[in-house]
Amino acid sequence: MDTIDQLVADIMADEQNIAYTKKGIKPLFTVPSTARINIVGQAPGIRAQESGLYWNDPSGDNLRKWLGVDREMFYHSGLFAVVPMDYYFPGTGKSRDLPPRKGFAQKWHERTLALAPQIELHILVGSYAQRYYLHQKSSARLTETVKHYKDYLPTFFPLVHPSPRNNIWQAKNPWFAEYVIPDLQTRVKEILSK
């Protein structure tokens, strides 16, 4: 079985990631052996990559509110893994960050998650994570997936991205705050209290 150091070394040595390695950029993920909940997002943003701390922005603040946990619990309890679809910032497109690179999750997620055998829940943030883990076609609609979150429990919990940009989406879909977030907080609390 891998150690975290061996895994990181292999990721950094991989041809797909060598340009990052040459710039001194390390893969950004965390997988404590004691983790019970895994957050699967798209990829680190540029702020996260530069600071070396995932979900350290307004989106992260919203995510922690949705989970019902504070920064201390999220970052220092050893109960949360953060294994995004790509461990590096993929760059910026015309209006938003580029998508995670193809093949990255297929190559590294299994080895990464093997280091945290106690994970009970994978929180799938956004369509890339949902398509990959729920084996959805590219035509799958995020709103419908999130609306039917109970279909994927107890292992997966699909969410919309917690970016403040999605406040308009939340206003159009009041069921999210009314039903989804309370159920998410209940599930998280159950797992963390074991």
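1. Which residues of α4 meet which residues of α10? In this predicted model, Lys 65, Trp 66 and Leu 67 are the residues on the α4 side. Their partners in α10 are Phe 176, Ile 181, Leu 184, Gln 185 and Val 188. Sorted by class, the residues of this contact comprise 6 nonpolar, 1 polar and 1 charged.

2. The geometry of this pair deserves a separate remark. Two packed helices are described by the angle between their axes and the distance between the axes. For α4 and helix α10, which covers residues 175–192, the angle is about 75 degrees and the axes are 7 Å apart. Angles of 65 to 115 degrees count as roughly perpendicular, so α4 is roughly perpendicular to α10.

3. On the α1 side the contact is made by Gln 6, Leu 7, Asp 10 and Ile 11, and on the α6 side by Phe 104, Trp 108, Arg 111 and Thr 112. The class count for this contact is 4 nonpolar, 2 polar and 2 charged residues.

4. Leu 192 belongs to helix α10. Leaving aside residues up to four places away in sequence, Leu 192 touches Ile 37, Val 69, Met 73, Leu 79 and Phe 80. Arg 71 stands 121 residues from Leu 192 along the chain, and the C-alpha atoms of the two are separated by 15 Å.

5. The largest pocket holds about 1200 Å³ of space. Which residues lie nearest the centre of the largest pocket? They are Gln 42, Asp 97, His 161, Ser 163 and Arg 165, out of a lining of 36 residues. By class, that lining consists of 18 nonpolar, 12 polar and 6 charged residues.

6. Several helices contribute to the lining of the largest pocket. At least two residues come from each of α3 (46–51), α4 (58–67), α7 (127–133) and α8 (142–147). The helix that gives the most is α3, with 3 residues. The reader may note that α4, discussed above for its contact with α10, is also among these contributors.

7. The second largest pocket has a volume of about 210 Å³. Its lining includes the run Pro 99, Pro 100, Arg 101, Lys 102, Gly 103, Phe 104, Ala 105 and Gln 106. Met 85, Tyr 128, Arg 131 and Tyr 132 line the second largest pocket as well. Two or more residues of this lining come from α6 (104–113) and from α7. The lining divides into 7 nonpolar, 2 polar and 3 charged residues.

8. The peptide bond joining Leu 153 and Pro 154 is cis, with omega about 10 degrees; Pro 154 is located in the loop between α8 and β4 (156–159). Trp 55 is a residue other than glycine with a positive phi, near 55 degrees. Trp 55 is located in the loop between α3 and α4.

9. Finally, the annotation. An unreviewed UniProt entry places the feature "domain: Uracil-DNA glycosylase-like" at residues 28–185. In the model, the end C-alpha atoms of residues 28–185 lie 25 Å apart. This span is 39% helix and 10% strand.

How values were computed
Residues are numbered from 1 along each chain as its sequence is written. This is a predicted model: local features need pLDDT of at least 70, side-chain atom pairs count only at pLDDT 80 or more; totals for chains, interfaces and linings use all residues. Side-chain values use heavy atoms; hydrogens and water are left out. On a 1 Å grid over the protein atoms alone, a cavity is a set of points where a 1.4 Å probe fits but cannot get out, and a pocket is an open set with protein on both sides within 12 Å along at least five of seven lines; lining residues have an atom within 4 Å of a point. Grid points are joined across faces, edges and corners, and a volume is the space filled by probe spheres set on the points. Helices (H or I, at least four residues) and strands (E, at least two) are DSSP runs, numbered from the N terminus. Ala, Val, Leu, Ile, Met, Phe, Trp, Tyr, Cys and Pro count as nonpolar, Asp, Glu, Lys and Arg as charged, and the others, Gly among them, as polar. Axes are lines fitted to C-alpha atoms, for helices over the stretch in contact, and angles run from 0 to 180 degrees between N-to-C directions. Angles under 35 degrees count as roughly parallel, over 145 as roughly antiparallel, 65 to 115 as roughly perpendicular and the rest as oblique. Contact means heavy atoms within 4.5 Å. UniProt positions are given in the numbering used here, feature names are shortened, and annotations may be inferred rather than shown by experiment.
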